[in-house]
Every structure is written in C-alpha cells, then in structure tokens.
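Colleague: I have not worked with this entry before. Could you take me through it step by step?
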Amino acid sequence: MSRGDRRRARGWRALVFSGLFTLLVIVLSFGMGRYAIAPGEVLRIVWQIVTFRFDPQTAGEAARVLYYIRLPRILLAALTGVALAGAGTLFQGMFRNPLVSPDVLGVSSGAALGAAIGILLPGGGGSIQVWAFCCGVAAVALTYGIARASRGQSVVMLVLAGMVVSAFFGAALSFLKYVADPYEQLPAIVFWLMGGFYRASWPAVGSLMLTVVPAAVLLLLTSWKLNILSLGDEQALSLGLNVQVLRPLLIAAATLMVAGSVSVAGTISWVGLVVPHIARMLAGADHDRSMPVAMLFGAGFMLLMDDLARSLTTAEIPVGILTSAIGAPFFGYLLISGRREAWR
Amino acid sequence: MAITVEAVRFGYRGAEVIRGASFTVPQGAITCLLGRNGSGKTTLIRLVNGILRPQAGVIQVDGHDVARSPRAEVARRIAFVPQEHQGVFPYGVEELVVMGRNPHLSLVSRPGQRDYAVARAAMEAVGVAHLAGRDYMAISGGERQLVLIARALTQETPYLLMDEPTSHLDFANQHAILAMVRRIARERGVGVLVAMHDPNLALAFADRVIMLQEGRVYREGPAAEVMTPAHLQALYQMPIDVVQLPDGRRMIVTDER
C-alpha cells in the first residue's frame, strides 16, 4: 500500500467516523428534552416516521412531540451545521486562509440588519426571515460588486470589501438598535442575534432545505476543484480551471445556504470556523475528503450544541452563546496542543 | 509546431511593459528569456500562458490563438511551473501532482485510476516517486520544484513555461533542475520557455536565447550566436566577458576581481 493510498484510507476513516458521530447525536437528540420519552418508545416512533407509517391523527402525545417539535428541530440544526461547515470549508480554501469564517463576505451582518428591519417594521414573524435572507444575500452581492469594481487582486479585494460591507451593515444595525423601542423591539433584536433553533417547524425545515440541499450538492460535486482553487489564481488558471466562472458560482451557493440558515436560526458563530479545521485534522488537507467530512461532522456538532442549549438549564440558552463558549476554547486548545498539521 | 508571439503589446494601467515583442518557441528545445529586472520577462510568460491578454498582437500555440481559447484548452497545450509555490494547505505530493490532470477532467469529476497512473509516471520520470505520500510543504525547496515539474508533466502538454524556476535553489539544485528540464525537452520533444536571471545557466542549458530589453526583443537566436560579450554588455549595461575554457566550455564573467 503506497503512502498516497494511506492518505485516501484516512479520508474514508474520517468519513465513517463523522457519520457515526452524527448518527449517534441524532439518536440521542430524539430522546432529549423536557418531555421524557423512553428510548424504546423513541426508536419505535422514529421507525414509524422513517417508514412513512406515522399518522398525526392517531398518534399519541409522545409521537406528536417527536414529530412536530423534536424532528424539525433536529433537521434544522443539522442543516444549519451542514451549511456553516460547508461554507466555512469553501471560504477557507478559496481565500487560502484558515482563519476566515462563512461571514467573511458580510452575509451574517447583512442578515442581522435584515432581521432588525423585519422586527422594526410592522408585520408578522415570517417577514423577519425574508428580510434577513434578502439582506444577507444583498450584502454579499455588494461585497462582490465592490471587489469587481476595484479590479485589484480579486481574492484580497473580496476579503477587504467584505470587511467594508460588514462594518457598514454593522453601523446600520447599531442605529436600528438605538432607535428601537427598548421594551419590545430591542430585546427581540438582541435575542434574534444570539441565534437558536426554537423557531423550528416543518415549514422552516422545508424552506431551509430549498437552499441548503442544492448548494451542498454543488459544493460536494466540485470539492476536488477547491484544491486547485486554493493554489491561487495564477496556478488555478494555469491548470485550466475557469476561475472567473467557478468562484462566483461557489460564492453564490455558499451565500444562499448560509443566508438561509442565518435567517432561520440567527447568527451562530464559530461553527463555520472550527468545524473545517476539525475536518482537515480528521481527513487531511484534500478538500475532496475534508468537505464531506466537514458537512457531516458540522451537522452532528451543531446538533450536539443545540442539545446542550436546550438541556443544560431549565430555560433554553441561545445556542450562539454555547458555540462561542465551547468553540473558542476548543480552538485555543487545538492551537496549543500543536495539532496544526492541517494548515501552515 | 511552435508558440509564435507576434507584435505583442501590453501595459498595466497606461505604463507599457511589452512594446511589440515577436519571437517563436520551437518544440524539443529550451528557449531562454534573458533580461534585467523590469524588462518584462514575467509579463511575457503570463501573456503566453493566457493569464494576461495582449492589448495588440497575437500569441498562437500550434496555430490556436491563446487569448480566444477556453482555459482548459490552453492548459492542455501549455503547462506552467511557478517560481516558488507558497502553499497554505499541506497537500500530499501525489495529491498535488495529480492536480495536473485538471484540464483533462470535467467540472464535477475527480482524477481516476488512469489519472493517478499518469501522475505516478511523471513522478518517476523526475525522480520524486518516493515522496508520493509526503507532505508537500515539508520537503526541501529542490524537491518541491521537481514536484511542480512532475505536476506540469502530468498535464501532458507539448509546451512548458517556467518563470525563474531555480531562483530560490542552491547551486547544485539549480543545475539538477535545469538538467532535468533539458532531458524533458530532448526525450519528450517538449518546447520549453524559461525566464532566467543567470546568463551562465542560460549558456549551459539553453538551445535558444531571447534577450528582452524594455519590453522589446533585443536579440533572438541560437544560444551560441546570441550570447556574445557585446550583446550581454548592451543587455546588462555593464562590462562583461565571455571566456573560453581549454575544454571548449564557455563562461560569462564580469570585470570584478
């Protein structure tokens, strides 16, 4: 067995490991919550749902809790994990920088401003998500437009333009917080920004799948090309990669899925930064292997964080607080323990 | 069959760098681009590679206009070996070499058995097969340059561009790399265009020399004819001698002692 083969075997091991991890967390998540359901009962109901024999009309209370509350929440958290970890892996590879996160192009600050606008405007809760999604996408479009207009070194310019747009949208958000009604609207904005999956419902899962599934498929199909993109423009072009087409396509896909998840779950930091690192440590540098591992592991990681968020205390902790509180020290541990083999 | 550059002009934001350059790069030989810093060597390499588009003039590879060809098509005709690769992700040597198959693969496919076979053959040809599983960023500079050459061979192109491929290497590695490039040119009939700083290396390894001065071709031809003291003095604007050793080898020396 050559050493190249050994690298491939490592990729498969990482995929199996992260798959089992996520599966385990999913099974655990069904049983977790304020409404206690015995593990055997959980398995029986899940089997009913999976085999399409679940009927809400005749189902018992436990089954309804699983079907209407826990299952959509599990799917929402997992999809969000896929989106954040996938976009993080994409952007770290594309921008050749292991420190960038999915918000590097301004999608989170755009979505945050959009949510604040939605909360301040007289209207229903549905409009908040639409506002967040549209403003997130608009922020990235603005970033891309500024970078194009500058005609500079496009990768560096994209990151700089992202900072500019994030700062501007951040200022606008601060202004909205300032003028918001401090008893009703301001807490709503602050709470929204902390992120959480308490808004989980089947319609929310459906709308998130609409963006996450096609974008994730595109990222998985092109993950080998990300290796070439990560060599820098000159070499990527020399290797026959159509950078001018592929880069905007991948940015658009990542933006749609991150904007989709942020508009449902609020801003959740650190997942998109830390999970790609874990994936590279498990699977190696080759993005063809680290991308699927990141998405799988990201789903399980996000779900585990949400399980903790809703079970650590009697009242739910916003999951964004937990991902930062756990993600940041964990990243620090990775730095100290010298496990930097996956980047330089 | 050759790369032909005809009356090419190019400038960055008004400042013209290439001012009507014309030359040809034949197959099966090493053509060396000589010139001072800022004479336009790197710009010319990037033009031939299709990374930049000429503002006037035409560059053709075996009769195909580079500026009008799709990227993958250009990369099936021309491979590029960079000066030094500053990587971020520590790919394995084999993983990096097989990336040379990209122009032969569609957008959603990855390298298969045949592509890995081509990559392994290229690694064996340049003598880095034993490094296959190593981390590309943990090997030495000379080995890394050989790996980049193996990647270029994996592209299976009739032409090879190199931008100062030896400028970061020690004396022994400079010669080892260029000897390898000469073997590739001879054995595979590959046409090599290499930008170089050291005229002695050009004298030792080049079949043809193109002297570039302020974006124009000052002299072009067989190395032995072009590399004269008068031409070198005009090119580098300093006193230069070409001395002949008793065994017939020639060497370029300055008047410092």
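Colleague: To begin with, is the crossing of α12(A) and α14(A) left-handed or right-handed?
Modeller: The crossing of α12(A) and α14(A) is left-handed. Please bear in mind that this is a predicted model.

Colleague: At what angle do the axes of those helices, α12 and α14 of chain A, cross?
Modeller: Helix α12 of chain A covers residues 271-283 and helix α14 of chain A covers residues 319-336; their axes cross at roughly 40° and come within 10 Å. The pair α12(A) and α14(A) is therefore oblique.

Colleague: Which residues make the contact?
Modeller: From α12(A) they are Val271(A), Val274(A) and His277(A), and from α14(A) they are Thr323(A), Gly327(A), Phe330(A), Phe331(A) and Leu334(A). By class, the contact of α12(A) with α14(A) has 5 nonpolar residues, 3 polar ones and no charged ones.

Colleague: Turning to confidence, what pLDDT does chain B average?
Modeller: Chain B averages a pLDDT of 93, and 100% of its residues score at least 70. For the model, the ipTM is 0.94 and the pTM is 0.92.

Colleague: How many residues of chain B are in contact with chain A?
Modeller: There are 26 residues of chain B in contact with 27 residues of chain A. On the chain B side, α2 (71-77) and α3 (93-98) each supply at least two residues. Helix α2(B) gives the most to that side, with 5 residues.

Colleague: And how do the residues of that side of chain B divide into nonpolar, polar and charged?
Modeller: The side of chain B that touches chain A has 16 nonpolar, 5 polar and 5 charged residues.

Colleague: Now the sheets. What is the order of the 6 strands in the open sheet of chain B?
Modeller: The order is β6-β7-β8-β3-β9-β10 in chain B, with mixed pairing. Strands β6 (78-81) and β10 (216-222) of chain B have a single partner strand each, so one side of each has no neighbour in the sheet. On average, neighbouring strands here are turned by 15° against each other, direction ignored.

Colleague: How many bridges join β3 to β9 in chain B?
Modeller: Strand β3 (residues 30-35) and strand β9 (residues 208-213) of chain B are joined by 5 bridges and run parallel. Leu33(B), for instance, has Ile210(B) in β9(B) as its bridge partner. By contrast, β9(B) and β10(B) run antiparallel and are joined by 6 bridges. There, Met211(B) has Arg219(B) in β10(B) as its bridge partner.

Colleague: How many residues lie between β9(B) and β10(B) in their hairpin?
Modeller: The hairpin of β9(B) and β10(B) has 2 residues between the strands, and Glu214(B) in the turn has a positive phi of about 45°.

Colleague: What about the open sheet of 4 strands in chain B: which order does it have?
Modeller: Its order is β2-β1-β4-β5 in chain B, and the pairing is antiparallel. The edges are β2 (15-26) and β5 (64-65) of chain B, each with a single partner strand, so one side of each is left without a neighbour in the sheet. Strand β4 (residues 56-61) of chain B is joined to β5(B) by 2 bridges. Gln60(B) has Asp65(B) in β5(B) as its bridge partner.

Colleague: Last topic: how do α4 and α5 of chain B cross?
Modeller: The axes of α4 (residues 113-125) and α5 (residues 141-154) of chain B come within 8 Å and cross at roughly 135°. The crossing of α4(B) and α5(B) is right-handed. Residues in the contact include Val118(B) and Met123(B) of α4(B) and Leu153(B) of α5(B). The contact of α4(B) with α5(B) has 7 nonpolar residues, 1 polar and no charged.

Key. Residues numbered from 1 in each chain as written. Chains lettered and ligands numbered in written order. Predicted model: local features only at pLDDT ≥ 70, side-chain atom pairs only at ≥ 80, totals over all residues. pLDDT = per-residue confidence, 0-100. Pairing = 2+ DSSP bridges. Axes fitted to C-alpha atoms, helices over the stretch in contact; angles between N-to-C directions. Left-handed = near helix turned anticlockwise from the far one by under 90°. Contact = placed C-beta atoms within 7 Å. Nonpolar A, V, L, I, M, F, W, Y, C, P; charged D, E, K, R; others polar. Parallel < 35°, antiparallel > 145°, perpendicular 65-115°, else oblique.
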